[in-house]
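Okay, everyone, thanks for coming. Let me put the structure up on the screen, and then I'll walk you through it.

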Amino acid sequence: MKLKNIILAISVLAVTCVSTNSCKENIDDSDLYTFTGQMMIEHFIQRPDSFSNYLHLLKQVHPSKRSESTMYELLGARGHYTCFAPTNEAVQHYLDSLYAIGELNSALVNEVPDSIANFIVFNSLIDSGDKQDAYATTDFSDILPNNNMNDRTMSVDYSNDAVSGMSNIYINKYSKIIEKDIKVENGYIHVVDQVISPSNATVSDLIGATDNLKFFSELLDVTGWGKKLLDFEDLDYRDNEKAGTKYMGADGNWEGLYPEHRYTKFTIFVETDSTFEANGITNLESLKQYIINHGAAYDANTSYDDDYTNENNAVNQFVAYHLVKVGLPWNRLVTWSNEWGYSNKNLNENGSHKINVWEYWETMGKHRRSLKITGTKREGLRINRKSTYSEKSYAELEVLIPGIEIHRFNDNYENTALNGYYYPISDILLWTPEVPNQVLNERMRYDICSLLPELINAGKRLNRENSWYFTPDFFENIPSMDDKTDFEYLPNTNGSGGGSAGWLDFQSDEFNIRGTYDFVIKLPPVPSNGTYEIRYGINANGNRGMAQIYLGTNPNNLPAVGIPLDLRIGGSSYGWKNDASLGSAEAIDEFDKQLRNNNMMKGPKYFFPGEGEEARGFTNCLRRIIYTGTLYAGTTYYLRFKSVLDNSNSEFFFDYLEIVPKSVYNGTTAEDKW
């Protein structure tokens, strides 16, 4: 069944307070600006032939359950709103479609229940808050940076009209913009020919309703994984008095917000029925045989019987390796940000990026495995790609393992669910020996955001409206956080690239943790047993503090490792010399060895905190080797960071970690400087 224009289980999502602006009990007219231009609501009023249905819904819908005001009043006030306004015909067509499938008792707009009215209105609006502008079409990207007021992502697609030859813009794949860039005082209006109506099905139900995913749906069912993909919102957090509120930090100098919601979401990489069939897989027995024939790297405890719900079962492990417990919209599968060739706009002639980007995502199941997603403009997004790279420019030289292509869409089927996304892939995804032994046998650099799914699920990754604070129980991968810890996320508010802003951050964001902090974070899995270095990315300055580090397998009893980490000490304390002053490659390598003797490294060349200079060139942009020792695949490890200063204003900078096997840092060839 194709899902265009069909809403599944509308009642699943209760629309609640979605932004600090929309949470106001009433609109205070005394606080409004006086404009000589036209407000958004005035534009709609002047065009009743086009928007009378939409106006009726705006008068019916309230920004939140606590608000006496209506969206009609809100859009007559100041703000920065992007409105994808459905025409009268679009609203009526949508109501008719719901009436036809029994979701409504009447298709009359004045008899629409609040749940449907809320759904239509909130999906049509993006509130950019006080610090960001609304979006003109010239600002559009594949995924709009802010979610809509229903907290759903908004995708943008383009196609050429066969008759006129003009380019058409579609929102969420199906809603075509028929009038664009109507500028009003409080934002932009884009008129659409269909109501924006993302599916309210769970991701496993969405797969089950999709005609070309029958076998993968069967796999979710027989393994029991489908039932484990039903979670969505933590209602206890929604009722937390801090949710959606402003926080000034312990010292009162760092304004930010707590997220309004705490979500659990999922991403599933799926083979279509035709992909399975092309590989001779038509049933469970042929899948098991395919796993055996291709040498999937499962351990001696793997079973091949019919107990598919057992997580040691080969089919169960196959499915688990397709599941990631974080909802990744297309623009978060990898993050293009401030890597070399981006922040300086040093692009190829065709506008593509010069170097690849990567993310490592932990898959579900007790075996704790990772998949690597490589973003390359030349060949799109690939799972478990392995290449060699130029030491001079880090351009991709030779592709050793091409990897499996990820497709953004599944033909004309919906692939965005209430609690996540699924993406079709071009080949059979297996945990074969080449994955741990080749693909993941490399320096794995993790932005801290990629270890905290709830941040991404809440739509706050690189959301520049505010800095963001989090309650001690917000992150599943932070099992312990002292209540004296101010855990703040800071996206670079000066733009997506770090070049002009000078932030010494990987991927243009950081966590700035203050107070007499004490917290524990779960580490991502290592791919195989062996000796590893764990490195901590530092931006040293005098405002930082000192932290004792602990590492082990019991988060409640972790042994200390090394001496306290002093974040105030930069490279000048180690006789810093930049590469240019050192001159020869031999002298550069010798100075790098001197730093390593102090468990220090220069920052990587890979990202650019400032125009014309990579991170490696900054005195205070360093990497500290915080642990060297044996780590085991499948074992869960934790890091604890505890302030050793009695100073609530000292800062703990938390940006990225590197997990590096000995074959890289002490192999037959020297580790690259990227």
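This is a predicted model: local features need pLDDT of at least 70, side-chain atom pairs count only at pLDDT 80 or more; totals for chains, interfaces and linings use all residues.

While we're on rings, how many aromatic pairs does a search of the whole structure find? It turns up 43. Let me pick one of them, Trp 358 with Tyr 394: the ring centres are 6.1 Å apart and the planes sit at 70°, so we call this pair edge-to-face. Trp 358 is in strand β11, residues 357-362, while Tyr 394 is in the loop between β14 (386-389) and β15 (396-401), so the pair ties together parts that are 36 residues apart in sequence. Both Trp 358 and Tyr 394 are buried.

Okay, on to the cores. The largest nonpolar core has 134 residues. Which residues have the most contacts inside it? Those are Phe 511 and Phe 654. If you click on Phe 654 and skip its neighbours within four places in sequence, you'll find it in contact with Ile 448, Glu 510, Phe 511, Ile 513, Phe 519, Ile 521, Tyr 536 and Phe 641. Apart from that core lies another one, with 36 residues, including Ile 41, Met 71, Phe 122 and Val 191.

The buried ones are Ile 116, Ala 117, Asn 118, Phe 119, Ile 120, Val 121, Phe 122 and Asn 123.

Take Asn 312, in the loop between α10 (284-293) and α11 (314-320). Buried or exposed? Asn 312 has a relative accessible area of 15%, and because the cut-off for buried is under 20%, Asn 312 counts as buried. Not counting residues up to four places away in sequence, Asn 312 touches Asn 301, Thr 302, Ser 303, Gln 317, Lys 366 and His 367.

Now, cysteines. The search of the whole structure finds zero disulfides.

Last topic: salt bridges. Side chains of opposite charge can pair when their charged atoms come close. The count here is 40 salt bridges. One of them joins Arg 443 to Asp 672, with the closest N and O atoms 3.0 Å apart. Arg 443 is in the loop between α12 (434-439) and β19 (444-447), and Asp 672 is in the segment after α16 (662-665), so this pair ties together parts 229 residues apart in sequence. Arg 443 counts as buried at 12% relative accessibility, whereas Asp 672, at 23%, is partly exposed.

Then have a look at Glu 658. Its side chain meets that of Arg 445 in a salt bridge, 2.7 Å from N to O. Arg 445 is in strand β19 and Glu 658 in strand β32 (residues 656-661), 213 residues apart. Glu 658 also forms a salt bridge with Arg 535, where the closest N and O atoms are 3.1 Å apart. Arg 535 is in strand β25 (residues 530-539), so that pair ties together parts 123 residues apart in sequence. How accessible are these residues? Arg 445 is buried at 10% relative accessibility, and Glu 658 is buried at 0%. Arg 535 is buried as well.

Put together, there's a network of salt bridges linking Arg 443, Arg 445, Glu 533, Arg 535, Arg 596, Arg 623, Glu 658, Glu 671 and Asp 672. That's my tour, thanks!

Key:
Residues are numbered from 1 along each chain as its sequence is written. Side-chain values use heavy atoms; hydrogens and water are left out. A nonpolar core is a set of buried Ala, Val, Leu, Ile, Met, Phe, Trp, Tyr and Cys residues joined through side-chain atoms within 4.5 Å. Buried means under 20% relative accessible area, exposed over 50%, partly exposed in between (1.4 Å probe, protein chains only). Contact means heavy atoms within 4.5 Å. A disulfide is a pair of cysteine sulfur atoms within 2.5 Å. Helices (H or I, at least four residues) and strands (E, at least two) are DSSP runs, numbered from the N terminus. Rings of Phe, Tyr and Trp (its six-membered ring) pair if their centres lie within 6.5 Å; planes under 30 degrees apart count as stacked, over 60 as edge-to-face and the rest as tilted. A salt bridge is a side-chain nitrogen of Lys or Arg within 4 Å of a carboxyl oxygen of Asp or Glu.
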